[in-house]
Structures are given as C-alpha cells and as structure tokens.
Amino acid sequence: MKRETLDLHASRYAVGLMSGTSVDGIDAALVQISDASDEGVSVRLIAFENTPYPAAVRQEIFDLFDPTKATIDKVGCMNVLLGELSAEAALAVIKAAGLKPADVAVVGSHGQTIYHAPEPEKRHGYDIRYTVQIGEGSVIAARTGIPCVTDFRPADMAVGGQGAPLVPFTEYLLYREANRTLLLQNIGGIGNMTVIPAGCPPEQVYAFDTGPGNMIIDGVVERLYPGQTMDAGGAIAGRGTVDEELLELLTKEPYYSQPLPKSTGREMFGSVYIDRVLDIAKRKGMKAEDVVATVTMLTAWSIGDAYRRYVRDRAPADVLIVGGGGSYNPVLVGFLRRVMEPMGVQVMTQEAIGHSSDAKEAVAFALLADYAMNRQPNNLPNVTGAARPVIMGKISY
C-alpha cells in the first residue's frame with residue numbers, strides 16, 4: 001500500500017464514475033486525494049451528482065444483458081453512447097464542485113457491466129475468464145480533456161482472479177480500524193461484503209458477493225407494479241408478509257454455499273431467476289406485496305448466511321456498515337438488523353458514520369484510477385483470487 005511514486009502531502013482532484021447492476025444511471029463523485037503519510041491516503045468528497053439514464057437508453061442496456069440480443073453493432077454503439085453520457089456526468093460534477101476540467105488529474109470509470117464470466121472455461125486448451133464493461137474511455141477523455149481509466153477487471157482476471165469485487169481495495173485504505181472488525185456491506189443490484197479484521201494488514205482483508213442485493217426486488221416490482229422500477233423506501237415490502245415457504249425454497253440456491261472467492265451478477269439472478277420466483281408465487285396465489293417482502297428478506301437472509309458461513313468463526317465482527325441503494329430501504333435494513341444483531345453485529349449505515357451511500361462506489365473508482373495513473377497495484381489478490389497484485393485499468397488520453 002506504500003505510495004512510493006508520490007510526494008508526501010501531494011493533493012489532486014479526481015472524478016469517479018459508477019454505473020451498477022441496477023442500471024439507474026451514472027453516479028459521479030469528485031474527490032480530493034491526499035497522501036497523508038508514506039503508508040496512507042485520505043480522500044475528501046467534494047461533490048456528487050447522479051445522472052439518471054433516459055428510459056429508452058436504460059431499456060437498450062437491459063437488452064444487452066441477453067446474449068441473444070447483444071449483437072456486435074448494438075454493443076459497439078452503446079459503448080460509445082455510454083462514453084458520451086459518462087463524459088457529461090463527469091463534466092457536471094466538476095462544474096458542481098466549482099472547478100474546471102484542467103483542475104482534475106484523472107477520471108476513473110467503472111463502465112456498465114453487460115456480461116461477467118469469472119469462472120474458467122476451457123477453450124482450445126486455455127482456461128478463459130472474461131468480462132465485458134462498456135462506456136468508452138477514449139470518448140470520456142476526448143470530451144473532458146482529462147486522462148480516463150476504464151476497464152479495470154480484465155487485468156485481475158488475466159492472473160487468475162475473479163475481477164471482482166474491486167471496491168475492497170479502497171475500503172481497506174479508507175475504513176480500517178485498529179480495534180474493531182468491520183463488515184462493509186454494499187447493497188446495489190448485487191450484494192457484496194468486505195471483511196476488515198481489526199488492525200489487519202491488507203493481505204488479511206477478504207471480500208465476496210453475498211448474492212442478490214436490490215436486483216430481484218427491483219425486478220419483481222417492475223413486473224408486478226408497471227411503471228415502477230424499485231420499491232422506494234420499502235413501501236411495498238412494508239405492507240407485505242414474508243412467505244416462509246418461498247423464502248426457504250429460495251435459500252437453496254447453490255451459489256450461497258460456493259467456496260470463496262466468488263462473485264455473481266445478472267447472469268445468475270437476472271430475468272430468468274425472476275421468472276422462476278414469480279411463477280412459484282403465482283402457483284401459491286401470493287399477493288404482490290408478499291412477494292416483494294419475501295425477496296427483500298431473501299437479501300437480508302443472504303447477508304446473514306454469508307456472515308455465518310464465511311466470517312463469524314474466522315473474524316467475529318463488531319459492526320456491519322451498509323451502503324448502496326439498499327441502505328435507503330428501511331424495511332430491508334430492518335430485516336438485516338433482525339438477522340445480524342442476534343449474532344452480536346451492530347448494523348449501521350454509511351450516513352451514520354459520516355459517509356455517503358450514494359457516492360461510495362464512485363469514490364472508489366476515483367481512487368482506483370489514481371493508483372493506476374501512478375503505476376501502483378490496485379487489487380487485493382486475497383479478495384479476488386488473483387495470483388499476484390496487478391495494476392488494473394486501461395488509460396485513455
């Protein structure tokens with residue numbers, strides 16, 4: 001983690017862009033990065049903007065999640081279009097911060113994942129892992145005049161990693177404590193947990209995808225409540241009752257018991273999975289609000305199950321800090337407290353400790369890009385399963 005190439009106390013501005021599995025829009029964070037010591041870095045959030053996708057663009061992105069629809073021309077076109085939209089998002093947050101593009105050292109953009117296949121597949125004698133993120137970095141660099149780092153995952157996968165999760169690298173830098181073991185739980189489309197044992201070196205951090213976050217909740221709501229894309233504030237789940245029989249059935253998904261490291265995505269918990277859930281619910285004659293309540297509890301259950309299965313005996317935790325869109329769903333957070341607090345783990349949100357749930361992942365990609373620009377490794381092999389540290393990200397000027 002030592003920053004040998006940088007002057008101590010050097011400070012610079014960076015922009016991070018994030019578009020997640022929920023496909024709500026582009027989160028843009030402008031941060032000030034400072035090297036406080038030869039072993040640490042500090043990041044201060046200056047401005048944050050969210051730019052929702054136009055409805056037609058969002059639907060076209062969703063179409064690309066289906067390999068039968070993701071033809072080369074459509075992927076190529078959307079790659080450039082998302083580059084344009086990402087550049088606009090970057091310029092908007094720079095303006096909101098009262099700065100000019102010339103003041104910013106780098107833009108780091110996660111891009112939009114349309115396919116992620118981290119498990120090796122034998123092809124012509126080679127073990128092939130692959131992933132596809134779109135949102136052309138060359139377009140972002142050209143429109144903003146700022147170097148842009150994109151396509152972070154392939155470098156990790158090239159040395160045997162899953163290419164995910166990536167945010168734990170920055171979580172270790174920014175959140176670690178000497179005396180408390182922390183769990184950082186992001187609930188975006190997919191849920192992922194980072195385990196930071198008290199006073200640990202980076203080699204002891206580990207992380208993994210816990211399973212569905214908001215993805216199944218959002219998908220069920222979209223099908224059962226036309227015109228809605230999410231259960232805002234948990235209003236629907238709050239009216240419903242968890243169906244224990246359906247919940248028990250859903251907990252049998254083999255992903256939950258897979259060994260670490262592991263990651264997942266829309267390929268497993270996307271539209272086909274949602275079709276199956278709704279088919280079972282229809283046969284049971286369930287009310288719509290009960291279906292939403294049940295899949296909301298599934299997300300909370302999956303987090304608790306992951307803690308029991310992979311963490312509790314190895315690094316008993318003091319606090320679980322929840323971020324991502326799911327942290328704004330009080331019913332989901334309430335279910336999570338019901339699951340975690342009997343195990344002695346306090347549940348808090350990012351806002352409760354002075355951070356931003358909305359901005360957290362965008363901030364992470366600003367910092368990951370800063371490391372890439374300074375030729376510093378920015379993965380955690382113990383987290384991703386990579387054989388060694390690598391510098392992730394491709395730079396466009």
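Mentor: Helices (H or I, at least four residues) and strands (E, at least two) are DSSP runs, numbered from the N terminus. This is a predicted model, in which local features need pLDDT of at least 70 and side-chain atom pairs count only at pLDDT 80 or more, while totals for chains, interfaces and linings use all residues. Residues are numbered from 1 along each chain as its sequence is written, and side-chain values use heavy atoms, with hydrogens and water left out.

Trainee: OK, how many helices and strands are there in the protein?
Mentor: The protein has 14 helices and 13 strands.

Trainee: And which of them supply the lining of the second largest pocket?
Mentor: At least two lining residues each come from helix H1 (55–64), strand E5 (112–123), helix H6 (215–224), helix H9 (266–269) and helix H10 (271–284). By class, that lining has 11 nonpolar, 7 polar and 9 charged residues, where Ala, Val, Leu, Ile, Met, Phe, Trp, Tyr, Cys and Pro count as nonpolar, Asp, Glu, Lys and Arg as charged, and the others, Gly among them, as polar.

Trainee: What does the C-alpha trace span?
Mentor: Along its principal axes the trace spans about 60 × 50 × 50 Å.

Trainee: What share of the residues is buried?
Mentor: Of the 397 residues, 57% are buried, meaning under 20% relative accessible area with a 1.4 Å probe and protein chains only.

Definitions and conventions. Buried means under 20% relative accessible area, exposed over 50%, partly exposed in between (1.4 Å probe, protein chains only).
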